[in-house]
Amino acid sequence: MQTVTRRSLTTWYMVLISALGMVISFHSVWRFFFVNAFVESKANSTTFIVLLLLSWLCYCLPLYIRDDCTVDLSFISILASVLTLGPEAAVLISLISYPLSVVPTPDGKEHIHVFNTAPIKTLFNISNRSISYAVGGVAYYLLGGTPGVISLPGILPPAVLYIVLSMAANVVVILFYYKFSQDMDLSSVVVPMILGLLPSIALSSPIGYFLAMLLGMENGAWLALLFMLPLLLARYSFKLYLDGQRQQFSIIKAFAAALEAKDTYTLGHSSRVAAYTVQIATEMGLSERRIRRLSDAALFHDIGKIGVPDSILQKPGALT
């Protein structure tokens, strides 16, 4: 009964967020085309198309830190959209580019797209972004932010507040989703989630500003596209590093399985010890790097078995 209630609460929450996000999205579209009228000029239209293309590309090329955790560079184009065309443009670009994205699975064998994802989940993700960008946009305008005016240091207060509030709104929406779906203690996931977002946001924000500057120059669209090439190269290099880490972990698991195969009586023991180790270390608040090391150590804590003869390990009677 409790599971049914939780599922029902989660569904209603996703519907509520989706409805609110769609209202905000359509309002932003209306303001962008009929109030701000930023796309009247050819330059602004070209800027919009370039930012839309970059946003779509970033959504399609995420980096898998873990199987359940990805980082993409879409915030670069979102921030550049806010600075050059306004917060409404950021909502509109996300509204168009996210549903068109085709994302590879962690193993690279399949792809995730709108046609194999539940519609409510797609709407929820789009709406979460629309709400987050709109919340940040309100702060951006309140602090005097003006699209197209990006001179330093005047742009810093509205831009920084936009970044902070957008990230905060995004975290709040996701946290309540976990609260309803898994009945999680929000206090235990707030800090890790924020710390997980901070590096990506902090590093991508200056790039978003430089991208906005390039778009304001003569031939800015071409300069922006050229500017993104080194970023894609850096992304590819980091992907190779992460793939290497994943392969190393696979080798460790294979080696641990080989150890357990030597003594079938304790099959699965090392994996269970590693799982308990991670849970305890997480509860203790240890760093992710240290938790990963402890997990590897737990998998290998019986490594001595590999040098023990089978006649001893699998002796039917008591050891002498």
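Helices here are DSSP runs of H or I with at least four residues, and strands are runs of E with at least two, numbered from the N terminus. Keep in mind that you're looking at a predicted model.

**Exercise 1. Work out what the protein chain is built from.**

Solution. Start with the elements: the chain has 11 helices and four strands. Next, look at burial: 38% of the 320 residues count as buried. Then turn to contacts between residues with a separation of 6 or more: 72% of them join residues 24 or more positions apart.

**Exercise 2. Decide how helices α4 and α5 lie relative to each other.**

Solution. Two packed helices are described by the angle between their axes and the distance between the axes. So let's get both. Find α4 at residues 87–100 and α5 at residues 119–142; they pack at an angle of about 165 degrees, and their axes are 8 Å apart. Now bring in the cut-off: an angle over 145 degrees counts as roughly antiparallel. That is why α4 and α5 are roughly antiparallel to each other. As for handedness, α4 passes α5 in a right-handed crossing.

**Exercise 3. Find out which residues make up the contact of α4 with α5.**

Solution. Take the α4 side to begin with: Pro87, Glu88, Ala90, Val91, Ser94, Leu95, Tyr98 and Pro99 take part. Across from them, α5 brings Thr122, Asn125, Ile126, Arg129, Ser130, Tyr133, Ala134, Gly137, Tyr140 and Tyr141. Sort the contact by class and you get 11 nonpolar, five polar and two charged residues.

**Exercise 4. Track down the cis peptide bond at Pro153 and a cluster of aromatic rings.**

Solution. Go to the loop between α5 and α6 (156–182), where you'll find Pro153. The peptide bond from Leu152 to Pro153 is cis, with omega near 0 degrees. For the rings, a search of the whole structure turns up seven aromatic pairs. Finally, pick out the cluster: ring pairs link Tyr13, Phe124 and Tyr177.

Notes:
Residues numbered from 1 in each chain as written. Predicted model: local features only at pLDDT ≥ 70, side-chain atom pairs only at ≥ 80, totals over all residues. Heavy atoms only, no water. Axes fitted to C-alpha atoms, helices over the stretch in contact; angles between N-to-C directions. Parallel < 35°, antiparallel > 145°, perpendicular 65-115°, else oblique. Left-handed = near helix turned anticlockwise from the far one by under 90°. Contact = heavy atoms within 4.5 Å. Nonpolar A, V, L, I, M, F, W, Y, C, P; charged D, E, K, R; others polar. Phe/Tyr/Trp six-rings, centres within 6.5 Å; stacked < 30°, edge-to-face > 60°. Buried < 20%, exposed > 50% of the residue type's maximum accessible area, 1.4 Å probe, protein only.
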